[in-house]
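Please walk through this model with me, from surface terms to sheets, cores and charged pairs.

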Amino acid sequence: MMAMGKTRRLMSLVLCGAAVTAALAVPSAQAAPAEQRERGHRPAWELTDTGTDARFRGLAAVSRDDAWAAGSKGTVLRTADGGRHWRDVSPPGAADLEFRDIEAFDRRRAVVLAIGEGEASRVLRTDDGGATWTESFRNSDSRAFYDCLTFFDSRNGLAMSDPVDGKFRILSTSDGGRNWKVLPDAGMPAARPGEAGFAASGQCLVSSGAKDVWLATGGADTARVLHSGDRGLTWSETASPIPAGDPARGVFGLAFRDRTHGIAVGGDYRADQASPDAAAVTGNGGRTWRTATTAPPAYRSGVAWLPHSRSVALAVGPTGTDLTLDGGRTWRTVDTGSYDTVNCAADGGCWAAGEKGRVARLG
C-alpha cells in the first residue's frame, strides 16, 4: 500500500473531486463509506482538436503530455503538449491501410500495426518521432489477419493473427519491432469454429511484466481468454462469462495491472443489440473469471487501469465511459461520449480515442 500523500497526488491527476481523491487514499481496511465515494468523482475527458475525421482505435499514452494515436486512412498522430497540438506523422503511402494498434516506447520510438487479410497486415516502426517509418513486417499468408500487438519491454513483443490452420498465429520480435518471426504453434490450443480476435481497441493482446501475455477471443460459442507465461510459446485457455455465440460477440479488450489482476470487457458491438455481462474480472491471472456484479450498460471495447491504483479502472465504448472503484466488480457510467480505446501512462496521464478524430485526455 502506497503512502497516503503519494496516492492523493496520483489520483488528483486522473479523477475530479477532492472527495474521491481522499477516499481512494484510504487503506482498504479503513475504506470510506459508499456515500462518500459517490460524491464528486466524475472523470472529465477533455477533447482535443486533432484536425482529422479518422477513427482512432490505436492509442499509446507515453505521459500526460505525450501520446500517439493510429487509425483509419493510414493516419498516425503525435502530441507532445498534452493534445494542444497534434502533428500528422502518418507513414507515406499508407492511406489505404487501417491502423488498429500502436505501441510507443517514448516520444520518438513507436511500432504501429495495420490490419487486414494478406498483405494488408503490416508492422511499421519509427525511431524519430514519425519523421520516417520502416516497414518491418508484411504478411504474405492470405489466410492470416493480424489484430493486435503488445510489448513486454522496449525490445520484446508479440503480434497475433486470427487462426491459421486451426490455431491463432503469433509473431515475435526481440529487437523492438525491427524483425519478426512466426512462433511455433505446438503450444497453442486449437481454435473453436468461428473464433477470432477483435481489432477494435488494440487490446485483444496485452502483456504484464516480463513474460505474461493474454489473448482475447470472440465469434465462437464461448468467448475465451488465452494466457501464456513464456512470451507466447505455450498457452492455457479459459472460458470467460462474457456472452458469445455470434460473430459480433466476445471479449474485445483486456487490461492487467499485474500478472494476476485483470479486467475483460466486450459484449455485442452491434448498436441495436443488448450487451449484458459486458465485463468480467480475474484475480488469478485469468485461470478463472467472474462476471461483474454491476456491469457497464452496453458494449465496451477498451479498458485501462489507472496507474498505481489497485482498484480504479476505466472502460470505454461508443456509448460512454464507465468507472470502477473496486477492481472491476461494479461499474458506473461517468461520460456518454464515444470512444473505442483508452490507455494510461505511468505518470497518471490517461487518454481515450475513437471515431471522427476524437482524442481526449482525462483532466
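Buried means under 20% relative accessible area, exposed means over 50%, and partly exposed lies in between (1.4 Å probe, protein chains only). The model is predicted: local features need pLDDT of at least 70, side-chain atom pairs count only at pLDDT 80 or more, and totals for chains, interfaces and linings use all residues. Residues are numbered from 1 along each chain as its sequence is written, and side-chain values use heavy atoms, with hydrogens and water left out.

Start with the charged pairs. A salt bridge is a side-chain nitrogen of Lys or Arg within 4 Å of a carboxyl oxygen of Asp or Glu. By this rule there are 23 salt bridges. Glu135 pairs with Arg122, with 3.8 Å between the closest N and O atoms. Glu135 sits in strand E9 (residues 134-138) and Arg122 in strand E8 (residues 122-126), 13 residues apart. Helices (H or I, at least four residues) and strands (E, at least two) are DSSP runs, numbered from the N terminus. Glu135 is partly exposed because its relative accessible area is 35%. Arg122, at 17%, is buried. Both belong to a salt-bridge network that also links Glu119 and Arg138.

A second bridge joins Asp127 and Arg178, again at 3.8 Å, N to O. It links distant parts of the chain: Asp127 lies in the loop between E8 and E9, Arg178 in the loop between strand E12 (167-173) and strand E13 (181-182). Asp268 and Arg270 meet at 2.7 Å, N to O. Here Asp268 is buried, at 2%, while Arg270 is partly exposed, at 29%.

Now the sheet. Four strands form an open sheet in the order E2-E3-E4-E5, with antiparallel pairing. Its edges are strand E2 (56-61) and strand E5 (87-88), each pairing on one side only. Two strands pair if DSSP finds at least two bridges between them. E3 (residues 67-71) and E4 (residues 76-79) share four bridges.

Next, the interior. A nonpolar core is a set of buried Ala, Val, Leu, Ile, Met, Phe, Trp, Tyr and Cys residues joined through side-chain atoms within 4.5 Å. The largest has 16 residues; Trp45, Leu314, Leu323 and Tyr339 have the most contacts inside it. Strands E23 (313-317), E26, E27 and E28 (359-362) each supply at least two residues of this core.

Finally, Ala345 lies in the loop between strand E26 (341-344) and strand E27 (350-353). Ala345 counts as buried because its relative accessibility is 3%. Val62 is 283 residues away in sequence but 5.3 Å away in space, C-alpha to C-alpha.
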